[in-house]
Amino acid sequence: MEGKYPVSSRQVLALIAMFILGTSLLFSLGQELGRHSWLGIITGFIAFLFLFWLYYFLLKLEPGKSLFGLNEQAFGRGLGTVINLWYLIYFFVLLSVVVGNFVDFINSVILIQTPEILLTIFLTLTAAYAVKKGLESIARLSEIMVFCVFTTAIVVTLLLFDKIDTTNFWPLWPQNWALVLRSGFSILTFPFGETVIFLSIFYQLGGPQKVSKGFFWGSVVGVFVLLVIALRNIAVLGEFVKFSTYPAYDSVRLINIARFITRAEVVISLNYMFAGYVKATTVYYSLCLGLKEIFRLKTYQHLVLPIAALVILNAHLSFSTNVQNVFFAFEVYPFFAIIFQLILILATLIMLLIKKQLGRRRPTI
Amino acid sequence: MTYISIISIFLGIFLIDYPGLKKDKDLNEKIVYGILFSVGLAYALLINSGLVKNSLPYLVLQAVSFFRGIKIPPAFH
Amino acid sequence: MRPKEATYFNKQILHTSLGKNIQAMKAIFNNSSDCIFREFTIAEKLKAALIIIDGLINKETLHEDVIKPLMFAYAASEIPPKRIMPYLQTKLLTASEVKEETDISKIIEAILAGDCALLVDNQNTAIIISVKGFTTRSVAEPTAESVIRGPREGFTEALRTNTSLLRRKIKNPNLVFETLTVGVRTNTLVNVVYVKGLAKKELINEVKRRIQAINIDQILDAGYIEQLIEDNPLSIFATIGFTEKPDVLAAKILEGRVGVLVDGSPNALTIPLLFSEKFQTAEDYYARPFFMSFIRLIRYLSFLISITAPAYYIVLTSFDIELLPTPFLISIAASTEGTPFPAIVEIMIMGFFLEVLREAGVRMPRPIGQAVSIVGALVIGEAAVSAGLVAAPLVIVVAVTAITSFIVPALYEEGALLRIFLILISAFFGLIGLGVGFLLLLVHLASLRSFGVSFMSPIMPLEGEEMKDTFIRAPLWLFFRRPKALNNSIRLGKGQMPKGERDKS
Amino acid sequence: MKKFNLLLMATLLLATSCYDRREINHLEIVAGIGFDLSNDNQIEVSFQILNAGALGKNASGGLEPYWILQSKGKTTFDAIRKATYTSPNKLFFSHNQVIIISEDLAKQGIRGIMDLWLRDEEPREDTKMTICEGKAIDILKTKLPHGLIPAYEIVNMIEASIVAAYAPIITPIDHRRLTAANIPCTVFGKIVKTSETELEYKGGALVKDDKLVDYLTETETRGYLWLKCKIKDGLIIAKTKDSNIVITLEIIRAKSGFKPVLTKNGQLTFRARADITGRLGEFEDSKSIVDPTAWPGFIEALQETVKEEMRAAIAKATYNNLDFLGLNDSVRKYLPKTFKQLASSWEEIMPLIPFTFEINIQIIGVGMVKKSF
C-alpha cells in the first residue's frame, strides 16, 4: 500500500480543493467582516500565493523528500527530529479540531440527542478506515467528491436566485481595512496555509512539476467555491451572516422552489461532511506517515488505530461551542499555525540553501 | 461502566492490530505501537478519574493566549 | 507443476507381464463396476486387454476403430515383439488420436478422461486411444442472461463444446486455450483462454500462477476457481466476472481480458472484472445506442435506489422528518398512524420476507415457485397493510427495492448485503449515518483491485474518455480504443460512422 | 482485519441505542402557532396540531383533522415545553408554517420568540409571521370553509396576498436581516378575524425594536411595498381629476424603489422611482378610450395614485422616526461618507430630506375588448 502511487494531477487538484473546502464550508470565513468577508478571503488567498511559491520552491529543491526528511536534512538528526515532533503535534491538534468541529456541527444541528462521544468515535473510525486503505483511495474518493461539492455549491446558489438581494453588498469597500488584513491573516492560516501538510505527502506522488500544477489549480478551485458560497451567503442573508453560527446552512434552509424543492439543508450538510471527511483523512494520513518516517518504520498500518483512540479523546475534550471555536480560529490558531506554515518552512528553506551553498563551495576550497 | 467501555474499546483495538503486529518482525514498530497505545490508555484513564481535564488543542489555546496576553473568554470550560 | 498430493499412488511404470498389469489396474480402480477390462487376442496369438470406463466412451468408435481392426489383424502375428507397438499404431488402429504411455498415473488419467488404454502382453507400454464420447446437454439458450437480440447459445458443461463455441466466434490462430489440471481428486480440466497480443502477458501469467497454486481436492464448478484466485476474498464484492454466453466471453477476451473455462461448468470466468461491467449486458451492444444508453443510466440509478431506498425511508420517517415536504408528511403520518412497530423493525421484517420469497421462488420447482410468489404478494402487499402491521408507504418502498434490485442481477448479492448495512448504519445516525456509510462504501470500492486493475475504473480514478462505455453506451463507431485499464490499443478504424447514400446530384 | 473492524463497529453501534430516532406517529406535528399574552402577564401559546388519524383514507368520520393545544409559561420556550404536560407526544415544529402573534404580546415585545425561532434548529426561519388583532388563538380556532388544516390555509392566504399587494410577507429571518442591517422598524402583515369562518390578511403592523408600535393603513402599506420593490402584481386604481373617470390598471411588471442622491449643491435627496407595465383592467368611459388626447390624463392620474401611496408611507416613516423604509440604511449603503457626517443628527434631519418621484407607467394592452360601451 505504500510507495509510489499512481495519483494523477487531477487527483492532486481534487485533494487540495477538498482539503481547503473541508471545514471552511461549515463556518463562514471572515465572519467578523460581515458583508466584506469576500474581501478577507481574497486577501487570504493572495497571501497564500506567496506561501504556495515557498512550498513550490521547497518541493523543487529536494524532490523525493518529505517535509520531515527535509527538516532532518536542514537541522540535523537531533534538532530535526524535535522539529518534526512539533509538526506532528500541530497535525494532531489540527486533526482533533477538525473532527471536533464536525462532531460539534452534527451535534448542534442534525443529531441533537446523540452523545458527542459516540459521534466522535464513529467519525474517527470511519476516517481510520480510509487511512488504512491508503492515499490512493482517498485521492480517488476526493476526485468524485469534488464534483459533488462543486456542482452542489453552484446549483444551490442558482436555487437561491430569487432570494438574492444585491444591495446587501453595498457599500462595497470597508471602512476598516485593518480588520480586513487581520481577517485575511486568519484566513491564510485556515484553510489555505494548512496545505502545508501536503508537503509530507507530495514527495511520493511524482515530480514537483506535476504536483504543483494540481496544487495550484486545486487551491484556485477551492477559493472559487469559497467565494461563491461567501457571496451567496451575503446576498441572501445580508448583515445577518455576522450573527449566524453556520451561515451557509442558514441560507440553504431558505430554498423554497414551488414548495417542492425545499428543506435541502440536510443534503447540503452531507456535502460538508464529505469535504470534512477528505480533510480529516488527509491530515490523519500525513500524521501516520510522519510518525512512520520519524521512527523509521516500514509501514504505518499499525499506528492508525492507537492514533484514532488519541484523536477521539482529544476531539471529545476540545472546545464545544461556537464561541470557543471562533475564538480559537481567530485569536489563537493563526498565531500557532503560522509557526508551522511559514516560519519553520522558511527556516528549513534557508538552512537548506546555506547547506547547499556550503556543499557546493567545499570542493573548491 | 465508563472504565469498562474504555478498556473494551482499547482491547478491541489491540485485538484488531495484534495479528498484524505478531507477523511483523520490526521491533521499532512494536515499541512505537506500545508507546502510543499506552499513552492513549493512560490518558483515557486519567480523564475518567478526573485528574486530567485538558486536551491538546486546549493546551495550545492556553499557551498562545498566555503569550499574546489575551484573556480566554469565559465560555471556555 | 501440480502439488505433490496430486499423485495418488507412487510413480510407477508398467510391468512387462500383462497379467500383472491387469491386476495392478484392477487394484487401482478398486474393481469399480463401470471399469471394464476387455481381454482378447490380437491375431489369435498376442494377448491384449483394453481398459475403458463405461459411459465415458463412444462404444461404436471403440468397436469400429479399435476392437475390430485388432481382432482381425492376422498379419500382426509375424511382427517381432519389439516393433509390435509402432505397428499397432501406424497400421491397425484407425482411431484418430493415439499415443504411447508408460507411466501408470498418466494412463489412469487418460482412462478417467474417457480414453481407452490398450495393454499388450510382454510390452511395458500402453497405447492410449481416444474414443471419448459421452452424453452431454446440448447447446441451449442460457437462462440467466436472456436477450432479445443477439446469439441464443450458451455454454454447456462439456469443456470441448465450450471451446468449440468460442473458436467458432474467433477464427484466429491467436486465440489460445491453455489447459491446466486442478483438483487432487477430481482432476478437473481448466482452460485459460485469451487472445495472444491483446491480453497483457503479466495478466496471463498471473492468472495461470494463481490457478496453479490452487491446492484443493475438488473443483466442481467455476465458482471454486473464482473463490480461490480472487483478489479480495474478504470483500462482499465479487471481483471476477462470469458469463454463460460465448458471445459475451468472446467480447471480453477481445478487449484484452482472460477467460477461464472449467470442465463441468457452464459458466466461464472473465478476468479482470470492472465494476462498470456489472451494469453491461450483451444486448447493450447489439441494439442501437440511444435507448441502451438510457437503459444503462436507469440501471445505475436502480442499483442506487435498491441499496438506499429502505435506508432513506428510515431516515425520512425516523430522523430527518423535516426533510419531507409537508403534504407528503401528512399522508405518511396518516398511514403510519396505528402501526405497532418502529419503521426500522418494519423494514427489517419486510426485507426479510422479501429475501425469503426470492429464495423460495428460486429453489422451488417452477409451478410451486409461482404459488409462492402469489402467496408472498398477498401476504406482503395486502394482508400486512390491512392488518395494520406495516404502513402502506413502506410496502411501496420494499416493492421498489425489490424490483430495482432485479435490474442489475450481477450485483444482487452485494446489493442485498449493502442494503442491510446501510439500513443499520442509518438507523443509528440518520442521514449522517447514511452519508458516512456511503463514503465507507466508496472508500472500500476505491481500494479494490482485480488482477492489477482498479475495480472502480473508469469511475475511480476518473477517465473521461472511457465514460462512453460506462454510464452510457456510445455508438459502436466511437469505440476507437479498448479500455484503458486492460489494453489501450486501437480496435476501430477512423471514420467508421456510416454516412448513408451520398447525394448524387 | 476488516472482519474485526466491522465487528468492533457493530458492537459499538449495538451497544448504544439510537438517540435521535423519532417515529412520525409518536410526534405531534404542529401546523401553526399562536402567541398570546395571558391575564397574569405570561406567554400563552396555542398550537394547531395535525390529527394524523383523521387524515388517512380509512379514517373514521367525526374526528377533526386538527386539534388545538394551549399552554403558558414565563418565556416562549417555557410555554412551548409546558405544552407537553397535556400533549400525548413531543411536539414537532419543522412543519409549522405560520406564527401568529397577538397585539398585546407584540406590544410587550417579540424578542423571545424571534430568538427562539432562529436559535433552535427545529423550527424554520422561513415560517410566515403575522400579527393579529385580538387573540391569536381565535385566529387558529377559526373554521375556514375550505381546506383541511386552517394553518396551512392561512399560509396559502398569506402567499396569495402577493396578488393584491396590500400586505407584506415577513418571516423571522427577514425580520432579523433587517434588524441586523440597523433598520429600526419592520412591517409585519396583519391578520384579522372578520367573522366565525373568515380571516383577512391586509395592512401592516409596525414593529420597532421588536415591539409593536403602530399599524399601517392599506395605503401606507402599499407605499411601503412600492418603495421596497415588493409589488409584482396587483391593481392601481385612479380617478382622473377633471372628468372623474375611474381607471383600473392591472400590474404586469413593476420595478420600484428609492435611492439617496446628492444634488449638485450638496443637498441629500431621495429619489423614488417606479417603472410599471400594466394592462387595462377596467375602464368606465365609453368615449375617451379611443381618444388619444385623453390618455396622458389617465397616465397622470395613475402616477398620482402611486405617488400618493408612496407619500403616505414616507410621511409615516419620517413621523416619530419610524424608519421602516430603511432610509438610514440606504444612505449608509450608497453614500457612506455623507452618512458619517449625518449620523449624529440623523433623527432631526430625516424628516426634512426631500423626496423626488419618477413614476413611469406603460399600458401595453387593453384586454379582450377594444372599446367600452
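The model is predicted: local features need pLDDT of at least 70, side-chain atom pairs count only at pLDDT 80 or more, and totals for chains, interfaces and linings use all residues. Residues are numbered from 1 along each chain as its sequence is written, chains are lettered from A and ligands numbered from 1 in the order in which they are written, and side-chain values use heavy atoms, with hydrogens and water left out.

Two packed helices are described by the angle between their axes and the distance between the axes. Helices (H or I, at least four residues) and strands (E, at least two) are DSSP runs, numbered from the N terminus. Axes are lines fitted to C-alpha atoms, for helices over the stretch in contact, and angles run from 0 to 180 degrees between N-to-C directions.

Helix α1 of chain A (residues 9-21) packs on helix α9 of chain A (residues 265-294) at an angle of about 110 degrees. Their axes are 8 Å apart. α1(A) and α9(A) are therefore roughly perpendicular to each other. Angles under 35 degrees count as roughly parallel, over 145 as roughly antiparallel, 65 to 115 as roughly perpendicular and the rest as oblique. On the α1(A) side, the contact is made by A:Leu15, A:Met18, A:Phe19 and A:Leu21. α9(A) contributes A:Phe274, A:Ala275, A:Val278, A:Lys279, A:Thr282 and A:Val283. By class, this contact of α1(A) with α9(A) holds 8 nonpolar, 1 polar and 1 charged residues. Here Ala, Val, Leu, Ile, Met, Phe, Trp, Tyr, Cys and Pro count as nonpolar, Asp, Glu, Lys and Arg as charged, and the others, Gly among them, as polar.

α1(A) also packs on helix α7 of chain A (residues 208-237). The angle is about 40 degrees, and the axes are 7 Å apart. The crossing of α1(A) and α7(A) is right-handed. A crossing is left-handed if the near helix is turned anticlockwise from the far one by less than a right angle, and right-handed if clockwise. Residues of α1(A) that meet α7(A) include A:Val12, A:Ile16 and A:Ile20. Among those of α7(A) are A:Phe215, A:Trp217 and A:Val221. The contact of α1(A) with α7(A) divides into 12 nonpolar, 5 polar and 2 charged residues.

Helix α3 (residues 67-109) and helix α4 (residues 116-133) of chain A pack at about 130 degrees, with axes 10 Å apart. That makes α3(A) oblique to α4(A). Their crossing is right-handed. A:Val99, A:Phe102, A:Val103, A:Ile106 and A:Asn107 of α3(A) make the contact with A:Glu116, A:Leu119, A:Thr120, A:Leu123 and A:Thr124 of α4(A). The contact of α3(A) with α4(A) has 6 nonpolar, 3 polar and 1 charged residues.

Chain D is divided into domain 1 (24-216) and domain 2 (221-363). These bounds come from an automatic or database domain assignment. The C-alpha centres of the two domains of chain D lie 32 Å apart. In chain D, 20 residues of domain 1 are in contact with 16 residues of domain 2. The two domains of chain D bury about 1600 Å² between them, 63% of it on carbon and sulfur atoms. Buried area is the accessible area (1.4 Å probe) that two parts lose on being put together, summed over both. D:Ala165, D:Tyr166 and D:Leu216 supply 26% of the area that domain 1 buries against domain 2, more than any other three residues.

Backbone geometry was also examined. Most residues other than glycine have a negative phi, and most peptide bonds are trans. The peptide bond from A:Trp170 to A:Pro171 is cis, with omega near -10 degrees. A:Pro171 lies in the loop between α5 (135-159) and α6 (177-189) of chain A.

Methods
Contact = heavy atoms within 4.5 Å.
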